[in-house]
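Dear colleague,

I am handing over the structure below, and after it you will find an account of what was found. Please read it with the model open beside you.

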Amino acid sequence: MVVNVQSFAKINLGLGIGVLRADGFHELRTVYQTIGLHDVIRVSVGRGSGVEIRCNDPRVPKDESNTCYRIVERAMAALRARGRVVIEIEKRLPVQGGLGGASANAVAALLALERALKKKLPPPDRLRIAAEVGSDLPLFLVGGTVLGVGRGEEVYPMPNLPAIDCVVATPEIGVSTPKAFADWDLLVANASELCSARAAEGGRPHVSFAKLTLHPASDRMNEFGRVLSAWLGSLSRSRRKSGRASASSGVPVSKGRGRAGNPLLDLVRTGIENDFERVVFPKYPELREIKRVLQRAGAVYASLSGSGSATYGLFASRDAAEKAAARLRKDGIPATATTTLTRPQYWKKIFD
Ligand code: C5P
């Protein structure tokens, strides 16, 4: 039996980078949001042993370094299952794109494997195995709007928010995430040095550098948390006011999509930013320009996703999103209009 699964991408609604930890990872605060763009994963289990990866994209590794390979190997052992697992990846999402493609593929492969074997891992084991393979995997075991803390692997489901139109630009630029983190560390270290030197000379620190140093990593993390708490608080207040709440999530239910009152838009309007923009935009100015095009085309919020290169905009209507995507494509930049996926939509569509 071949099990087909849709492997949906994510964007980051803000991403705060904190301190470099002793384990080599950075402390993070981010809000992940699943979206409609996806790859397709097909899994079958036959006679024999081992894992075989097949993929139409030559840039995708077929060996043990592939995230699907790694998660399936661990899951087979945890499930005490035998057989040869064949995983076919139909790649539509960019490789190294900031959309969590490889991480989503791995979680999709795990879900398909469980279905093929008619066996399920207990949810805590699933989360543990996913986190072992990569920081960005566990979010795909939750779906919808997800708070990510720790190194990004500690995930909490956020209230279900109505879907909203978005445009995702996927330029042909591969940004290495470890390199982007290293560039961030360098930026913070240089900013510290420059501020100390200016202070020694009796001068005032450069404003943008001072922002990095005078607000140390832990402060920025706390600020991210405060903004989110305030937003969640206002969600519950509006729920009490309107008296309308979804039975499952306990948060207000807006009728229709992309209305001005969409709580997702209220969240991004709180001023959450993606810290990676500070190091990725100077290196790839064309990505900053894509963000500007999205903003000029009416995006309510536009940002780099993860460490990029995918850059997205959220729009108040499908029409505005389609026009913005067409505008980017006219400039030769691949861009697609899609929508965010709520948690129920995400889980319904995975096995569609
Ligand atoms: O967990 P994942 O395999 O996606 O991480 C890839 C690399 O990105 C890590 O080896 C590390 O260099 C960097 N990283 C980090 N801090 C995080 C997540 C990833 O420094 N929170």
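This is a predicted model: local features need pLDDT of at least 70, side-chain atom pairs count only at pLDDT 80 or more; totals for chains, interfaces and linings use all residues.

**The pocket and the ligand**

Residues are numbered from 1 along each chain as its sequence is written, and side-chain values use heavy atoms, with hydrogens and water left out.

The volume of the largest pocket is about 1100 Å³ (a pocket is an open set of points on a 1 Å grid over the protein atoms alone, where a 1.4 Å probe fits, with protein on both sides within 12 Å along at least five of seven lines; lining residues have an atom within 4 Å of a point; the volume is the space filled by probe spheres set on the points, which are joined across faces, edges and corners). Of its 45 lining residues, Ala 102, Ser 103, Asp 136, Thr 177 and Pro 178 are the closest to the centre.

Around the ligand (a heavy atom within 4 Å) are residues including Gly 24, Phe 25 and Phe 181. Among the polar contacts (N or O pairs within 3.5 Å), a side-chain N or O atom of His 26 is 2.7 Å from a ligand oxygen, and a polar side-chain atom of Ser 135 is 2.6 Å from a ligand oxygen, whereas Arg 151 places a backbone N or O atom 2.9 Å from a ligand nitrogen.

With best wishes

Notes: A polar contact is a pair of N or O atoms within 3.5 Å; within protein, one must be able to donate a hydrogen and the other to accept it, and residues adjacent in sequence count only if both atoms are side-chain atoms.
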